[in-house]
Amino acid sequence: MTLKQTPLNTAHRAMGAKMVDFGGWDMPLHYGSQLDEHHQVRRDAGMFDVSHMRTVDIRGEGVRDFLRYLLANNVDKLQSSGKALYSCLLRPDGGVIDDLIVYFMNEMWFRIVVNAGTADKDIAWMIEQATVRAPQLQITSRNELAMIAVQGPNAAAKLWLALPGSQKLAEGLKPFNAVEWDSMFIARTGYTGEDGFEIILPATAAPSVWQSLNDAGVKPIGLGARDTLRLEAGMNLYGHDMDETINPLEAGLAWTVDLVSERDFIGKAALVTNPRTRKLVGLVLQDRGVLRDHQVVHCSHGDGEITSGSFSPTLNQSIALARVPSAVQVGDTAQVAIRDKMLAAKVVKYPFVRNGKGLI
Amino acid sequence: MSNSNSLPGNLKYTASHEWVKKETDGTITIGITQHAQELLGDMVFVENPAVGRQLKAKEECAVAESVKAAADIYAPVTGVVVAVNPELDNAPEKINTEPYSAWMFKMKPDNAADVDALMDAAAYQSLVDNEAH
């Protein structure tokens, strides 16, 4: 099968990227050193090609009503134009179809950004729901759009340098807000736990913007560092920390589910009815070694499983997210089975790192 | 990236990407090749076998973990572990920067001829070249 390419494929290769098959996309894993790239984002500024992610525009009369029912978080929290909300898209049984960011633009237009690997099924699901409840809506997959994330403590200053005129417009942007700028859409969002922006732009404009950012000192960062950055930031990764068999309450995402308002939404009944037996916690390995996905976690209240495990370059020790029995508490010690050994790990609150600083 | 110039001619090699150096005292020193460290990426943890452990050729005996993945390291020949490199405990990244001096462990082979039977640099180079295709 031919791998799909983003508009920045040639640029990655020119910058010496090690390319890998990432869910059918030919993507940069790193440009030399994943660790250096990780630190670059925590200490300065880096850019990620996230053009494999999909932008979906939903337009028409009643779009807010539709999303109020479609999404587990409540779009009524979005009242000013450009405001963003993180939400899960749920099955009727509460399983997570995907996690996404939804932007309110106006009462005739909301924009949704979904994961690459789930985009087609998400859109099919949205269309299926809309056909029944809101056939007047237009759901458009914007495959022609690219996306570049610029992240790090110096992301803003370097973005102003790279894109003259952007400062005036984007400087006042609060976190989780976006603004349109000609053919670009600039959001103060990200997946690293640092300040920064995600820029949605026409594929044709992506190479020149990427080059301008590079000229302004924003270094390219591969998917390897993207994963360790998001893990340190305690952000879920779809397919690892949750999927269609896991509900958001057991994936550390209760804060994104609105069960307070009267509003009905897909999956609500299941979430209200089914008792929660597991929860997501942070782990810090006390012994030497590296926590990895799917390792078994032995706790005094039963066994759990690591959903995302890696080495934290900022903390210089191994960390993980793990799904464990609900009775497990922060401060508990757990044993993790790594090959033929049992290693001690401490149960902690996450995020592990925010704005360059370790929280553990 | 890797080319024949970077492969030391005085070493022996395995298909599982360990390099083996014959020492004058009859022991051998084992590490992982430039090609292997490139595939694995930034090293963050090394677990060596215990000194005194008897190993069979091709037995899993150590682990090199990068940020990305854990890789098993295999005994190149049958013998006993006589030393491990303590320097890697705190500086596993040396495997990335100096793969041919950042050794992992030393063995005393049961049979010195087993070492001579391992691949030479030219044979290992063609194996790496074939892997790339």
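Strand S8 (residues 79–84) and strand S9 (residues 105–109) of chain B pair in the antiparallel sense over five bridges. Strands here are DSSP runs of E of at least two residues, helices are runs of H or I of at least four residues, and both are numbered from the N terminus. Pairing requires that DSSP finds at least two bridges between two strands. Within this pair, B:Val80 has B:Lys108 of S9(B) as its bridge partner.

The model is predicted: local features need pLDDT of at least 70, side-chain atom pairs count only at pLDDT 80 or more, and totals for chains, interfaces and linings use all residues. Residues are numbered from 1 along each chain as its sequence is written, while chains are lettered from A and ligands numbered from 1 in the order in which they are written.

S8(B) and S9(B) belong to an open sheet of six strands. The order is S1-S2-S3-S9-S8-S5, with antiparallel pairing. Strand S1 (12–13) and strand S5 (54–55) of chain B are the edge strands, each pairing on one side only. Strands of a sheet pair through backbone hydrogen bonds, either parallel or antiparallel.

Chain B as a whole has five helices and nine strands. Along the sequence, the pattern is β-β-β-α-β-β-β-β-β-α-α-β-α-α. The radius of gyration of chain B is 14 Å, close to the 14 Å given by the globule rule for 133 residues, so chain B is as compact as a globular protein of that length. The radius is taken over C-alpha atoms, and the rule is 2.2 Å times the number of residues to the power 0.38. The C-alpha trace of chain B spans about 35 × 35 × 25 Å along its principal axes.

Chain B also meets chain A. Eight residues of chain B are in contact with 12 residues of chain A. Contact means that the C-beta atoms of two residues, placed from the backbone, lie within 7 Å. The side of chain B that touches chain A has four nonpolar, one polar and three charged residues. In this classification Ala, Val, Leu, Ile, Met, Phe, Trp, Tyr, Cys and Pro are nonpolar; Asp, Glu, Lys and Arg are charged; the others, Gly among them, are polar.

Two helix pairs were examined in chain A. The axes of helix H3 (residues 63–70) and helix H4 (residues 119–133) of chain A come within 11 Å and cross at roughly 120°. H3(A) is therefore oblique to H4(A). Axes are lines fitted to C-alpha atoms, for helices over the stretch in contact, and angles run from 0 to 180 degrees between N-to-C directions. Angles under 35 degrees count as roughly parallel, over 145 as roughly antiparallel, 65 to 115 as roughly perpendicular and the rest as oblique. H3(A) contributes A:Phe66, A:Tyr69 and A:Leu70 to the contact; H4(A) contributes A:Met126, A:Gln129, A:Ala130 and A:Arg133. By class, this contact has five nonpolar, one polar and one charged residues.

Helix H2 (residues 34–43) and helix H8 (residues 223–232) of chain A have axes that come within 8 Å and cross at roughly 55°. This makes H2(A) oblique to H8(A). A:Gln34, A:Glu37, A:His38 and A:Val41 of H2(A) meet A:Gly224, A:Ala225, A:Thr228 and A:Leu229 of H8(A). The contact has three nonpolar, four polar and one charged residues.

Two loops of chain A hold backbone features. A cis peptide bond, with omega of about 5°, joins A:Tyr350 and A:Pro351. A:Pro351 is in the loop between strand S19 (341–348) and strand S20 (353–354) of chain A.
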